[in-house]
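User: I would like to learn how to read the features of a protein model. Could we work through one example together?

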Amino acid sequence: MINQSNILRGKVYVLGDNIDTDQILSAEYLKVNPATEEGRKELATLAMCGLPEGSIPFVDKNTGKAKYDFILAKNNFGCGSSREHAVVSLGASGVKAVIALSFARIFLETVYQQGS
């Protein structure tokens, strides 16, 4: 019997391999301070801003939060420059989990605690 409390439900944003930190959050936004509430709110609105033009919008412009609960990716999610801001932007945007075959080290070393 399946325990219903262990089932994740929500909208999923699907990506491929090698989604780097520049795609998650462009380098120009590294000046935003992720240690402040205002900074986290701003980073939330910028999550996945570096995806190629024509990509499905990730953030709802009206709410400033992700339209999706989960990100599903293939290999090497978060590769590239080690940017804590990229990780924080996803957590601040409301993403509940990133599910991928493999992750860059920054996702193993950085923990975002909402409200801290």
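**Reading the model step by step**

Analyst: Asparagine 18 has a relative accessible area of 42%, so this residue is partly exposed. The terms are these: buried means under 20% relative accessible area, exposed means over 50%, and partly exposed lies in between (1.4 Å probe, protein chains only). Asparagine 18 is located in the loop between β1 (12-14) and α1, and has a positive phi of about 55° although it is not a glycine. Helices (H or I, at least four residues) and strands (E, at least two) are DSSP runs, numbered from the N terminus.

User: What should I know about the numbering and the origin of the model?

Analyst: Residues are numbered from 1 along each chain as its sequence is written. The model is predicted: local features need pLDDT of at least 70, side-chain atom pairs count only at pLDDT 80 or more, and totals for chains, interfaces and linings use all residues, while side-chain values use heavy atoms, with hydrogens and water left out.

User: What is the mean pLDDT of the protein?

Analyst: pLDDT is the predictor's confidence in each residue, from 0 to 100. Here the mean is 90, and 92% of the residues reach 70 or more. Residues 111-116 stay under 50, and the model has six contacts for them beyond four places in sequence. Contact means heavy atoms within 4.5 Å. Where pLDDT is low, the predicted coordinates should not be read in detail.

User: Which residues of helix α2 are buried?

Analyst: An α-helix has 3.6 residues a turn, so residues three or four places apart point the same way. In α2 (residues 37-46), the buried residues are Gly39, Arg40, Leu43, Ala44 and Leu46. They lie on the same side of α2, because they cover an arc of only 165° around the axis. This arc is that of the directions from the helix axis to the C-beta atoms. The cover over these buried residues includes α1 (21-24), β2 (59-60) and α3 (84-93). On the other side of α2, Glu38 and Lys41 are exposed.

User: Where is methionine 48 found, and is this residue buried or exposed?

Analyst: Methionine 48 belongs to the loop between α2 and β2. With a relative accessible area of 5%, methionine 48 is buried. Although it is not a glycine, methionine 48 has a positive phi of about 65°.

User: How many salt bridges does a search of the whole structure find?

Analyst: A salt bridge is a side-chain nitrogen of Lys or Arg within 4 Å of a carboxyl oxygen of Asp or Glu. The search finds three. One of them joins the side chains of arginine 83 and aspartate 22 (2.3 Å, N to O). Arginine 83 lies in the loop between β4 and α3 and aspartate 22 in helix α1, so the pair ties together parts that are 61 residues apart in sequence. At 11% relative accessibility, arginine 83 counts as buried, whereas aspartate 22, at 35%, is partly exposed.

User: What does threonine 21 touch?

Analyst: Threonine 21 lies in helix α1 and counts as buried, at 1% relative accessibility. Leaving aside residues up to four places away in sequence, threonine 21 touches Ser26, Gly78, Cys79, Gly80, Ser81, Arg83 and Ala86.

User: Which residues make the nonpolar surface patch?

Analyst: Patches are made of residues with over 30% relative accessible area and no salt bridge; like charges are joined within 9 Å, and nonpolar side chains (Val, Leu, Ile, Met, Phe, Trp, Tyr) within 5 Å. Accessible areas come from the Shrake-Rupley method with a 1.4 Å probe; for residues, only the protein chains shown count as cover. Here Leu8, Val12, Val14, Leu72 and Ile99 make a nonpolar patch of about 440 Å². Leucine 72 is in strand β4 (residues 70-72), and counts as partly exposed at 36% relative accessibility.
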